Amino acid sequence: MATPLPLAAITDEFSPTDLDAALREMAALGMTGAELRMVWGKNVIDLTNGEIDRARAAVEAAGMRVLSIASPVLKCVLPDGPALDPRFQQDTFAAKYGFDDQPALTTRAFELATRAGARIIRVFSYWRTIDPPAVFDRVAAALNDLAEGAAVHGLVIGIENEHACNIGTGEETARLLAAVPHPALQVIWDPANALVAGEIPFPDGYRALPVSRIVHVHAKDCRVHDHTPTWGLVGDMDVDWRGQIAALVRDGYRGFVSLETHWKGPHGDKMEASRMCGQRLKTLVEQVP
């Protein structure tokens, strides 16, 4: 059955080491897009040219295309800022780079996206401080620079609202987009991340966003206590995914909804968990009125 929104996944949510196995599971769920973050046990930013070429070939052989390079750009400490907020876990996915590494990482992300045929480079907004407004102007300037560089290559910078970073909610994302109107800066909307950051993602956070600048959507689900998430089956936790998906379709969004499971499943098996969440996500999208 055709769905009103195409489906995708971050491949390492199925397997961080076996790309072919991940792609088989994704194809079986009807997914037509893939995001590359961890491939063959390495962060995508550390892949060689030969490895990214192999990854692209594998994705395309499975009947999909590479949508984004899920990079770690700006997932680091911003020097001379306020102290980091200790309430949020910082996930690095085997990429531990600092502020001084960012120019080289950015250049490499542009190269990898071009080789992979990906339009989007996912980036962040530096690890979250206890006072995000205090660093807002520096974050905005960095994102503007990234957008200007991406435009030269015909690429899009997708800022993900990440609870462990300074832009974590829909409202914070909307403020950033207003401050940086560059068309090559768009948002990867992650409702579950907004929930962890303390916002009601739908309808509140979503309502703040300009839908025309949502380039991509990540799907995962959780319950939250003191900014600590408990991940679970998509649609069974505290993100209103039925309402969110229906609103995206109603408002004219036609990009991908991409699974980022995070849940380990009922038996501690990420492949099983991603299969379950992928099937649920497919059902939710198919049921949009």
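Helices (H or I, at least four residues) and strands (E, at least two) are DSSP runs, numbered from the N terminus. The model is predicted: local features need pLDDT of at least 70, side-chain atom pairs count only at pLDDT 80 or more, and totals for chains, interfaces and linings use all residues. Residues are numbered from 1 along each chain as its sequence is written, and side-chain values use heavy atoms, with hydrogens and water left out.

**Exercise 1. The barrel**

Task: State which strands close into the barrel and in what order, then follow the pairing at β1 and at β9.

Solution.
Step 1. Two strands pair if DSSP finds at least two bridges between them. Strands of a sheet pair through backbone hydrogen bonds, either parallel or antiparallel.
Step 2. The barrel is closed by 8 strands in the order β1-β2-β5-β6-β7-β8-β9-β12, and the pairing is parallel. From one strand to the next, the twist averages 30 degrees; angles run from 0 to 180 degrees between N-to-C directions, and axes are lines fitted to C-alpha atoms, for helices over the stretch in contact.
Step 3. Strand β1 (residues 7-10) runs parallel to strand β2 (residues 33-36), with 3 bridges between them. I10 has E35 in β2 as its bridge partner.
Step 4. β8 and β9 run parallel and are joined by 3 bridges, and the partner of I188 in β9 is H216. On to strand β12 (residues 257-259), β9 pairs in the parallel sense over 3 bridges, with H218 opposite S258 in β12.
Step 5. Buried means under 20% relative accessible area, exposed over 50%, and partly exposed in between (1.4 Å probe, protein chains only). Because 6 of the 6 residues of β9 are buried, β9 is largely enclosed by the rest of the structure.

**Exercise 2. The antiparallel hairpin**

Task: Find which residue of the hairpin of β10 and β11 takes a positive phi.

Solution.
Step 1. Strand β10 (residues 221-225) and strand β11 (residues 228-232) run antiparallel and are joined by 5 bridges. V224 has P229 in β11 as its bridge partner.
Step 2. The hairpin has 2 residues between the strands, and D226 takes a positive phi near 55 degrees.

**Exercise 3. The nonpolar core**

Task: Name the residues that touch the most other members of the largest nonpolar core, and list what I157 touches.

Solution.
Step 1. A nonpolar core is a set of buried Ala, Val, Leu, Ile, Met, Phe, Trp, Tyr and Cys residues joined through side-chain atoms within 4.5 Å.
Step 2. The largest such core has 96 residues, and F14, L143, I157, L176 and I214 touch the most other members. Helix α4 (residues 136-152) gives the largest share of this core, 8 residues.
Step 3. Contact means heavy atoms within 4.5 Å. Not counting residues up to four places away in sequence, I157 touches F110, I121, V123, L143, L146, A147, A150, A184, L185 and Q186.

**Exercise 4. Helix α5**

Task: Say which residues of helix α5 are buried and what they pack against.

Solution.
Step 1. In α5 (residues 170-179), the buried residues are G170, E172, T173, A174, L176 and L177.
Step 2. These buried residues pack against α4, β7 (156-160), β8 (185-189), α6 (191-197) and α7 (201-208).
Step 3. T173 has a relative accessible area of 0%. Leaving aside residues up to four places away in sequence, T173 touches N161, I167, V187 and L209.

**Exercise 5. Two helices side by side**

Task: Decide whether α7 and α8 are roughly parallel or roughly antiparallel.

Solution.
Step 1. The axes of α7 and helix α8 (residues 241-250) come within 10 Å and cross at roughly 30 degrees.
Step 2. Angles under 35 degrees count as roughly parallel, over 145 as roughly antiparallel, 65 to 115 as roughly perpendicular and the rest as oblique. α7 and α8 are therefore roughly parallel to each other.
Step 3. On the α7 side P201, F202 and Y206 meet G243, Q244, A247 and L248 of α8.
Step 4. The peptide bond from F202 to P203 is cis, with omega near 15 degrees, and P203 is in α7.

**Exercise 6. A loop residue**

Task: Decide whether Y126 is buried or exposed.

Solution.
Step 1. Y126 lies in the loop between β6 and α4.
Step 2. Its phi is near 70 degrees, a positive value in a residue other than glycine.
Step 3. Y126 counts as buried because its relative accessibility is 5%.
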